[in-house]
Amino acid sequence: MTYNDQPIDQDELLFADEEDTDSVVEAEGDQEPWVVLIVDDEKQIHQVTKMVLQDFEFDGKKLEFHSAFSAHEAKQLLTNQPKAALVLLDVVMEQDDAGLQVVKYIREELRNRAIRIILRTGQPGQAPEKTVIMDYDINDYKEKTELTTQKLFTTVVTALRSYRDIKTIEKSRSGLEEIIKSSATLFELQSMKKFASGVLTQMTSIVNLHKNALHCSFAVTKGIEDIYILAASGDYASGSDQRARDVVPDEVLGEIEQAFHTKKSSFAPDRFVIYFQSKMGMENVIYMNGFKALTEWEHYLVDIYCTNVSVAFENIYLNEELESTQNEIIYTMGEITETRSKETGHHVKRVAEYSRLLAIKYGLSEQEAEVIRLASPMHDVGKVGIPDAILNKPAALTKEEFDIMKTHSNLGYEMLKHSNKQVLNAAAIIAQQHHEKYDGMGYPQGLKGEEIHIYGRITALADVFDALCSDRVYKKAWELERVLELLRSERGHHFDPVIVDLFLAHLDEFLVIKEKYKEQR
């Protein structure tokens, strides 16, 4: 018997003709099969290869075959099968170097370094092994006459093992890149989530786990205890920041809840649930499934994950506590100022909420609106430097007294301007500019129009509206309609016309705030 004019043994890969169907061997269970591309211009080679490898299985997964009969078809097939693990590639097809052109296309145009390329040739003289191995990025070179059933089996196993390890390294590197990117901003909550997600990706790759993994934390939100997803991958990837019970299947949720309840980890042949608690008492559970028994090294990597996330989580918590304390101090200082001037107790609360709502209506981001809400209570902090006789005088101030009163704007600015914190920077701007007027007739700088920072323009209206609606030592509260009439008349004079229009258009929402924080008689 001969093949391409070469004698062959009965053990070699030549069998009777079969119907030319693109054989697909389905993987068992949930495992995705190894995608193998056969590129050869001889139909019989496709049939023989599929028949020999039809029962092949590696690492618990079978093969899925796709065929191409020319370099042109191969390029299309490679585009359609980006997850291909192996290509069995003929050298001589429509051209003497057609297979070598495909190699260049894979490595140089597709930039695919992972796929394993095995050249098979029936005409070794057309592409000498030494030259091809040196000049082309291939992984094996075989003459068709030497590829017995056993040798083909061995060649495919070796190629798939290399592909698997390369993909594991790539995924691991991807997880490490996420960690590196987030390290500079580790103390930001969102960055923490990226950090946890990156480590989760790395761990599922290194220990060769199923793509589905979860990292949950136990938290109390608005007085309600619940389990939240900090990081997730695979089918759960879209669940981050959500309650676990809204995303996770009941049987998985049950195991996670059990871990939180017993404060213990549990291991099963195909999954594990790890419970760990930080030094500050923050509780976490990691759930992973779909793997074989872990080695001692893999257990060690899991321990590293838990340690890293626990430490980072504590740092985040401490930073949030610090920011929360700072914000509370700012708010308290605003209230102290109001108390000293004998103004209404909830004035700063209402001004803060009015300012936030106006910022949202104006089109500022939620984050910036929150900054204004936190900063606006400090608008009159400079009044701590105003004498009581002037600050709480029940009658109209003289010109000299009013000049002294007006200094509170710059006094507040000077008190706050040295901080590099965003909220305090905003508070400094508001303290100095909340008495500026849109027509340029305000103080202390006589700024006009958009020369006045948007924070100052927003707080100006919020402050005046609330002051007019409230009792003061020198006046009684105005009726609502009288206040609204003044706002309309001062549109474009005292106040930014856009802000006045927004306030009036959404008046009902502002009145809800007014009612919520009304004074207790």
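I would like to begin where two helices meet: A426, I429, I430 and Q433 in α14 are in contact with Y455, G456 and T459 in α15, contact being heavy atoms within 4.5 Å. Helices here are DSSP runs (H or I, at least four residues), numbered from the N terminus. Sorted by type, the residues of this contact comprise four nonpolar, three polar and no charged, with Tyr, Ala and Ile counted as nonpolar and Gly as polar.

Before going on, please note that this is a predicted model, in which local features need pLDDT of at least 70 and side-chain atom pairs count only at pLDDT 80 or more, while totals for chains, interfaces and linings use all residues. Residues are numbered from 1 along each chain as its sequence is written, and side-chain values use heavy atoms, with hydrogens and water left out.

How do the axes of α14 and α15 cross, and at roughly what angle? They come within 8 Å and cross at roughly 60°, the axes being lines fitted to C-alpha atoms over the stretch in contact, with angles from 0 to 180 degrees between N-to-C directions. That makes α14 oblique to α15, since oblique is what remains once angles under 35 degrees (roughly parallel), over 145 (roughly antiparallel) and 65 to 115 (roughly perpendicular) are set aside.
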